[in-house]
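Me: I have a model open and would like to learn how to read it. Could you walk me through a few features?

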Amino acid sequence: MGCCVSKFPPTETHPEKEKLQNQGAVQLVGGGRAPPPSASAAAAGGGAEPGVTSSGVPSFCEFSFADLKAATNNFNPDFIVSESGEKAPNVVYKGRLQNRRWIAVKRFPKLSWPDPKQFAEEAWGVGKLRHRRLANLIGYCCDGDERLLIAEFMPNDTLAKHLFHWEKQTIEWAMRLRVALYIAEALEYCCTEGRPLYHDLNAYRVLFDEDGDPRISCFGLMKNSRDGKSYSTNLAYTPPEYLKNGRVTPESVIFSFGTVLLDLLSGKHIPPTHALDMIRGKNIILLMDSHLEGKFSTEVATIVVGLASQCLQYEPRERPNIKDLVATLSPLQPKSDVPSYVMLGISKHEESPPTPQRPLSPMGEACSRLDLTAIHQILVTAHYRDDEGTNELSFQEWTQQMRDMLDARKRGDFAFRDKDFKTAVDCYSQFIDVGTMVSPTVYARRSLCHLMNDQPDVALRDAMQAQIVYPDWPTAFYMQSVALAKLDMHQDAADMLKDATGLEEKRQKGGRPT
């Protein structure tokens, strides 16, 4: 499931979603809204499932600010992932939606884009791009003075981290050549789609996905502000023509690509003028990263150095075009059959991880097997023993409304015991909607009812609500695990099952019931 249920989702708000937002849920489903009329045609093409394109990337849509606050834990500083955030006038956060999808959220300074229509149209222009070499844009937000962009999250750090701040191993030569080619291919795609201007291309804009493949951030396809600067890095790395007139051209992007080639060759951030002096002096070996220890082809390195020199020419017209760069880099690739994650020295994301090593409880076993009948029996037996302490009611609150609400819950319990799950949902909903009492058990039971009725998305919301009411309750995590598995999100389901097992062990050591 993507962040939105469709490219043009309905405008009404689900009451349960409002409750989640009001109670501060950390993980919420993205609130898709219809695009502005002028941008409707820019929506990404039809997908293989609702809200997702054929490439598996969510369709572009508008998010609400409440969704993004929830996903980033109220823009918690611990969620900041932008390594160049101190210098750039914007910050990038990681966040997680209700469907467990990780996202990257770029938050602009207030009023950096005063006109929301201009920002929306620019975002939709970038949002129609979809390519395996891009960290694709999946949404935006205009809310009051707030301007935000939402993109796919890349979990394996930036090129800058792997080149300049590595701890275990530097990037091998074959991987550096692959990075150069993939960046060039991304830029070539953007040119063919009418988006040739990339602002401030540098090693921080190159990100590694779950497979270790390099991609360039889609955030660079928009300025930092409507009338602001396109470059935020050291002026020594800025195209000379930009220093003259403040304008970015396709040739400026080629210059920036040349600075990235220098980074890949040297493993350092060398000012272009200094590097060109070294190249003219034929000191190519001195330019190369000493950590490569001669483990590179001198012939190929000479070709790449030549490309960097051409890209960094003072006169824009003397620089090569992107098609020529792709054509030159393509045949230079060694180890084309070796996956990127192997060359990068990282673990590959596994869709179906092994079962947790620790022994599972009866509830854990039932959830791992997706045995809804066994889960039902466990919840019936447990009754309401875990709701102790979640409500403290005064004498004045024992009104007729209160008695009616408890009667609705009692009728729901009878229906739940007798496996009349539709009636149980109706009765439990009456209890929940009054709002005088909160019961994690009711949410867990209603979650199972939804699963029995083949509604895993609604079941997931109820299980999350149970966690909000009772943050360390293993049953809430177990129910989320089952719902996620039913949604074919097996990695997240396994993670949630592991969390539930850990919480259950912790509670058992403390002598508390589960």
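This is a predicted model: local features need pLDDT of at least 70, side-chain atom pairs count only at pLDDT 80 or more; totals for chains, interfaces and linings use all residues.

Me: Which residues touch the most other members of the largest nonpolar core?

Reply: Leu159 and Phe257 do, in a core of 81 residues. Helix 5 (residues 173–192) gives the most to this core, 14 residues in total. Apart from that core lies another, with 46 residues, including Phe421 and Met496.

Me: What does Phe257 touch, leaving out residues up to four places away in sequence?

Reply: Its partners are Ala180, Ile183, Ala184, Leu187, Leu201, Cys311, Leu325 and Leu329. Cys311 is buried, because its relative accessibility is 0%.

Me: How many disulfides does the structure hold?

Reply: Start with the idea: a disulfide is a covalent bond between the sulfur atoms of two cysteines. Here there are zero.

Me: How should I read a helix?

Reply: An α-helix has 3.6 residues a turn, so residues three or four places apart point the same way. Now take helix 20 (residues 490–509): its buried residues include Ala493, Met496, Leu497, Ala500 and Glu504.

Me: What covers the buried residues of helix 20?

Reply: The cover includes strand 2 (91–96), helix 13 (362–368) and helix 19 (474–486). From first C-alpha to last, helix 20 reaches 29 Å, close to the 28 Å expected.

Technical notes
Residues are numbered from 1 along each chain as its sequence is written. Side-chain values use heavy atoms; hydrogens and water are left out. A nonpolar core is a set of buried Ala, Val, Leu, Ile, Met, Phe, Trp, Tyr and Cys residues joined through side-chain atoms within 4.5 Å. Buried means under 20% relative accessible area, exposed over 50%, partly exposed in between (1.4 Å probe, protein chains only). Helices (H or I, at least four residues) and strands (E, at least two) are DSSP runs, numbered from the N terminus. Contact means heavy atoms within 4.5 Å. A disulfide is a pair of cysteine sulfur atoms within 2.5 Å. The expected span of a helix is 1.5 Å times one less than its number of residues.
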